[in-house]
Amino acid sequence: MAASKTAIVLGGGGSRGIAHVGVLDVLTEANIPIDMIVGTSMGAIVGALFASGLKPHVIAREMSALQGNNIFSMNIFSARARQRDIRKQMERQLRDMTFADLQIPMCTMAVDVITGQEVAIDSGPLIPAILASAAVPAVFPPVQIDSHQLVDGGVIDSLATPQAHAMNADNIIAVDIYPPLETDDPWIDPISAIMGFQLPFNLFASGDWTKTPGMVASMWRSFRVMAWHIHQERIKNYPPDVLLTPDVSGYGSLDFTDVEGPYLAGRLETEKHLDAIKALFADQPNE
């Protein structure tokens with residue numbers, strides 16, 4: 001009997017995705033085999049570094065270089081300059097690698113903003129695919145690959161479990177870092193929600209949470225409800241065998257002032273579910 005193939009799905013969520021490093025650290029320590037990786041946004045970044053052969057503690061060291069920053073601090077004026085900064089950081093470790101050079105097969109998830117198509121990239125140059133998967137609208141520009149104008153895969157959903165099913169994985173471990181809807185202040189302004197801190201004055205909401213919210217706060221909440229509904233439906237229709245949900249809801253997606261917290265959250269959640277993960281391989285033949 002052939003050994004089963006295990007996929008790990010690493011979700012998007014900006015700085016919350018540092019939790020993936022903690023997850024991979026525990027799985028590596030426990031000798032859990034990972035045969036394929038599906039990554040979205042920060043999940044694509046961490047996944048590619050791991051698939052290239054870097055150990056989790058090395059990836060953690062790379063992430064610690066962002067300590068005390070947020071994405072906008074790289075270049076406050078230009079989205080393209082911020083994207084170039086990310087590219088330079090990726091080139092330090094990945095250089096001119098292609099998907100074929102990876103030690104673990106991987107695909108990154110992006111969305112074509114022209115056609116609305118969800119695009120899985122598993123061939124060609126690695127860094128453009130990562131940049132496309134992490135091209136958060138309004139933070140980074142779209143990335144053109146072939147005929148596609150690609151942005152962050154989280155535009156459709158941050159956790160691509162359907163792709164792991166499409167790759168015929170026997171076991172699927174998914175790491176979901178998308179913040180639960182119920183953890184939000186329902187009328188928080190978008191800047192506070194994304195950056196991870198509360199503005200000293202509220203630009204967008206009504207200022208009194210017992211009354212009707214401002215237009216932008218209401219629109220942001222409506223977007224969150226829609227995205228959360230899609231997210232939950234896809235997990236229901238394409239379930240993983242083990243779903244890890246590190247407690248990173250208190251972190252803004254662009255806030256890197258604390259990288260140790262998400263990392264430890266990833267470790268803690270994986271350790272909590274390690275018996276369930278090991279059980280996936282209980283009936284496998286010995287090597």
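Which residue just after H1 takes a positive phi? Select Asn 31: its phi is about 60°.

**Before moving on**

This is a predicted model, in which local features need pLDDT of at least 70, side-chain atom pairs count only at pLDDT 80 or more, and totals for chains, interfaces and linings use all residues. Residues are numbered from 1 along each chain as its sequence is written, and side-chain values use heavy atoms, with hydrogens and water left out.

**The whole chain**

Show the cartoon. The protein chain has 11 helices and 10 strands. Helices (H or I, at least four residues) and strands (E, at least two) are DSSP runs, numbered from the N terminus. Of the 287 residues, 51% are buried. Buried means under 20% relative accessible area, exposed over 50%, and partly exposed in between (1.4 Å probe, protein chains only). Now think about contacts, meaning heavy atoms within 4.5 Å. Among contacts with a separation of 6 or more, 75% join residues 24 or more positions apart.

**Stop 1: helix H1**

Select residues 19–29, which form H1. Helix H1 is mostly covered, with nine of its 11 residues buried. Color the buried ones: Ala 19, His 20, Val 21, Gly 22, Val 23, Leu 24, Asp 25, Val 26 and Leu 27.

**Stop 2: H1 against H3**

Axes are lines fitted to C-alpha atoms, for helices over the stretch in contact, and angles run from 0 to 180 degrees between N-to-C directions. H1 and H3 are therefore roughly antiparallel (angles over 145 degrees; under 35 is roughly parallel, 65 to 115 roughly perpendicular, the rest oblique). H1 passes H3 in a left-handed crossing: the near helix is turned anticlockwise from the far one by less than a right angle.

Show side chains. From H1, pick Val 21, Leu 24, Asp 25 and Thr 28; they meet Pro 56, Ile 59, Ala 60 and Met 63 of H3. By class, this contact has six nonpolar, one polar and one charged residues. Ala, Val, Leu, Ile, Met, Phe, Trp, Tyr, Cys and Pro count as nonpolar, Asp, Glu, Lys and Arg as charged, and the others, Gly among them, as polar.

**Stop 3: the two faces of H3**

Stay on H3. Its buried residues are Pro 56, Val 58, Ile 59, Glu 62 and Met 63. They cover an arc of only 160° around the axis, so they lie on the same side of H3; the arc is that of the directions from the helix axis to the C-beta atoms. These buried residues pack against H1, helix H2 (42–51) and helix H5 (79–94).

**Stop 4: H2 against H6**

Select H2 and residues 126–133, helix H6. Their angle is about 155°, with axes 8 Å apart. H2 and H6 are therefore roughly antiparallel as well. Ala 44, Ile 45 and Ala 48 of H2 make the contact with Leu 126, Ile 130 and Ser 133 of H6. Five of these residues are nonpolar, one is polar and none is charged.

**Stop 5: Ile 37**

Finish in strand S2 (residues 36–40), where you will find Ile 37. Ile 37 counts as buried because its relative accessibility is 1%. Leaving out residues up to four places away in sequence, Ile 37 touches Ile 8, Leu 10, Gly 47, Phe 50, Ala 51, Ile 104, Pro 105, Met 106 and Cys 107.
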